[in-house]
Amino acid sequence: MVENPWTPAHQAVESSDYAELTRLLDEGADVNEVCCGMTLLEHAIDLEGDSALQSGTPIDSRLTVILLAYGAEPIPQPPERMSAVDLAD
């Protein structure tokens, strides 16, 4: 059995569970946490972009909007990392 590598907030992003993501952020989850090499914002942008490409539908950016509203940092630290802005491009 493979163990789930995601933190609860990353799992909410992966599942596109907007209510759970919001609840976790309200309860103090770090909006800039990194898991499996991605911030929550990078994860959301990657998921939303990939889903739109695969389905041929417009991008649903609700995860990105939630994370930005909670203060997610689009410019990575350290600066050498690919930014969420670059990923969105």
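Residues are numbered from 1 along each chain as its sequence is written, and side-chain values use heavy atoms, with hydrogens and water left out. Because the model is predicted, local features need pLDDT of at least 70 and side-chain atom pairs count only at pLDDT 80 or more, while totals for chains, interfaces and linings use all residues.

**Confidence.** The protein chain has a mean pLDDT (the predictor's confidence in each residue, from 0 to 100) of 88, and 83% of its residues reach 70 or more. Confidence is highest in α2, at a mean of 98, and lowest in helix α5 (residues 84-88), at 65. Helices (H or I, at least four residues) and strands (E, at least two) are DSSP runs, numbered from the N terminus.

**Helix α2.** The helix α2 spans 18-26. Its buried residues (buried means under 20% relative accessible area, exposed over 50%, partly exposed in between, with a 1.4 Å probe and protein chains only) are L21, L24 and L25. They cover an arc of only 100 degrees around the axis, so they sit on the same side of α2; the arc is that of the directions from the helix axis to the C-beta atoms. A19 and D26 are exposed on the other side of the helix. The cover over the buried residues of α2 includes α1 (8-14) and α4 (62-69). For L21, contacts (heavy atoms within 4.5 Å) beyond four places in sequence are with A9, A12, V13, L63, I66 and L67. Just after α2, G28 takes a positive phi of about 110 degrees.

**Nonpolar core.** A nonpolar core is a set of buried Ala, Val, Leu, Ile, Met, Phe, Trp, Tyr and Cys residues joined through side-chain atoms within 4.5 Å. The largest one has 16 residues, and those with the most contacts inside it are V13, L21, L25, L63 and L67. At least two residues of this core come from each of α1, α2, α3 (40-55) and α4. The most come from α3, which gives five.

**Salt bridges.** With a salt bridge taken as a side-chain nitrogen of Lys or Arg within 4 Å of a carboxyl oxygen of Asp or Glu, a search of the whole structure finds three.

| Pair | Closest N to O |
|---|---|
| R23 and E27 | 2.7 Å |
| D60 and R62 | 2.6 Å |

Salt bridges that share partners join E20, R23 and E27 into one network. Within it, E20 and R23 both lie in helix α2, three residues apart, about one turn of the helix. An α-helix has 3.6 residues a turn, so residues three or four places apart point the same way. E20 is partly exposed at a relative accessible area of 25%, as is R23 at 35%, whereas E27 counts as exposed at 58%. In the remaining pair, D60 is partly exposed at 31% and R62 is partly exposed at 46%.

**E33.** The residue E33 lies in the loop between α2 and β1 (34-35). It is buried yet has no salt bridge, and the nearest side chain of opposite charge, R23, is 12 Å away. Lys and Arg count as positive here and Asp and Glu as negative, with His and the chain ends not counted. Leaving aside neighbours within four places in sequence, E33 is in contact with T7, A9, H10, M38, T39 and L40.
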